[in-house]
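Welcome! Take a moment to look over the sequence and the structure below, and then we can walk through them together.

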Amino acid sequence: MLHDSVHVPKPSLTEVLFAWFLRLVGASCFWFALSYWAMLIGFSHNGAGRFDLLSPEWRAAATALAVVYPVAAIGLWLLVSWGPVVWVVAAATEIAMDKFYPGILGHRPLLIVLHGSVAVTFVLFRAALLYQRLRQVRKVRVDSP
């Protein structure tokens with residue numbers, strides 16, 4: 001007798017690489033979260049980045065990023081749909097910090113390049129997955145001759 005179970009297709013190489021990419025970005029988000037928390041509790045920057053010693057602008061930005069980055073890391077690691085959305089919020093916050101308040105919050109061009117390259121890579125992966133799905137749909141049509 002045959003099993004009535006549903007056949008689960010094997011993930012493609014693109015899907016596997018995309019999952020590893022998201023998990024790598026998730027691990028880097030966790031690293032950023034740890035660095036912000038280390039700054040806020042005085043563990044890094046020789047204690048000069050402690051929360052009570054920061055300017056109000058840095059207090060708001062560092063606190064928000066210390067909360068948003070771990071959430072993004074979890075979402076990206078678990079490959080859920082809201083993970084990249086939360087990462088975009090964190091990246092947009094850091095880009096806004098760099099572009100609108102460079103005198104107060106500092107200028108970090110390497111971080112902007114990093115966020116930009118991750119965003120471009122994400123869009124390229126999504127485009128490749130969309131193209132792959134469109135090819136599968138065309139191939140499996142029931143009304144084809």
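What follows is a short tour of the helices, the core and the aromatic rings.

Please keep in mind that this is a predicted model.

Although Arg126 and Glu15 are 111 residues apart in sequence, their C-alpha atoms are 9.5 Å apart in space.

**The nonpolar core**

Which residues touch the most other members of the largest nonpolar core? Of its 31 residues, they are Cys29, Tyr36, Trp58, Tyr69 and Trp87. Helix 1 (13-40), helix 2 (56-77), helix 3 and helix 5 (109-139) each supply at least two residues of this core. Leaving out residues up to four places away in sequence, Trp58 touches Tyr36, Met39, Thr63, Met97, Ile104 and Leu105.

Asp98 lies in helix 3 (residues 82-100). Is Asp98 buried or exposed? It counts as buried, because its relative accessibility is 6%, under the 20% cut-off. Beyond its neighbours within four places in sequence, Asp98 is in contact with Gly106, His107, Arg108 and Ile112.

**Aromatic rings**

The structure holds five aromatic pairs. Two of them are shown here.

| Pair | Centre to centre | Angle between planes | Type |
|---|---|---|---|
| Phe18 and Phe122 | 5.6 Å | 45 degrees | tilted |
| Phe32 and Tyr69 | 5.3 Å | 35 degrees | tilted |

Phe18 lies in helix 1 and Phe122 in helix 5, so their pair ties together parts that are 104 residues apart in sequence. Phe18 is buried, with a relative accessible area of 9%, while Phe122 is partly exposed at 25%. Phe32 in helix 1 and Tyr69 in helix 2 are 37 residues apart, and both are buried. One aromatic cluster is formed by Phe18, Phe21, Phe122 and Phe125.

Rings also meet charged residues: Arg23 lies over the face of Trp77, at 5.4 Å from the ring centre, and Arg59 lies over the face of Phe51, at 5.2 Å.

**What the record says**

An unreviewed UniProt entry lists residues 20-43, 64-90 and 110-131 under "transmembrane region". In the model, residues 110-131 are 100% helix, with end C-alpha atoms 31 Å apart. Residues 64-90 are 85% helix, and their end C-alpha atoms lie 8 Å apart.

Notes. Residues are numbered from 1 along each chain as its sequence is written. This is a predicted model: local features need pLDDT of at least 70, side-chain atom pairs count only at pLDDT 80 or more; totals for chains, interfaces and linings use all residues. Side-chain values use heavy atoms; hydrogens and water are left out. Helices (H or I, at least four residues) and strands (E, at least two) are DSSP runs, numbered from the N terminus. Buried means under 20% relative accessible area, exposed over 50%, partly exposed in between (1.4 Å probe, protein chains only). Contact means heavy atoms within 4.5 Å. A nonpolar core is a set of buried Ala, Val, Leu, Ile, Met, Phe, Trp, Tyr and Cys residues joined through side-chain atoms within 4.5 Å. UniProt positions are given in the numbering used here, feature names are shortened, and annotations may be inferred rather than shown by experiment. Rings of Phe, Tyr and Trp (its six-membered ring) pair if their centres lie within 6.5 Å; planes under 30 degrees apart count as stacked, over 60 as edge-to-face and the rest as tilted. A charge sits over a ring if NZ of Lys or CZ of Arg is within 6 Å of the ring centre and within 35 degrees of the ring normal.
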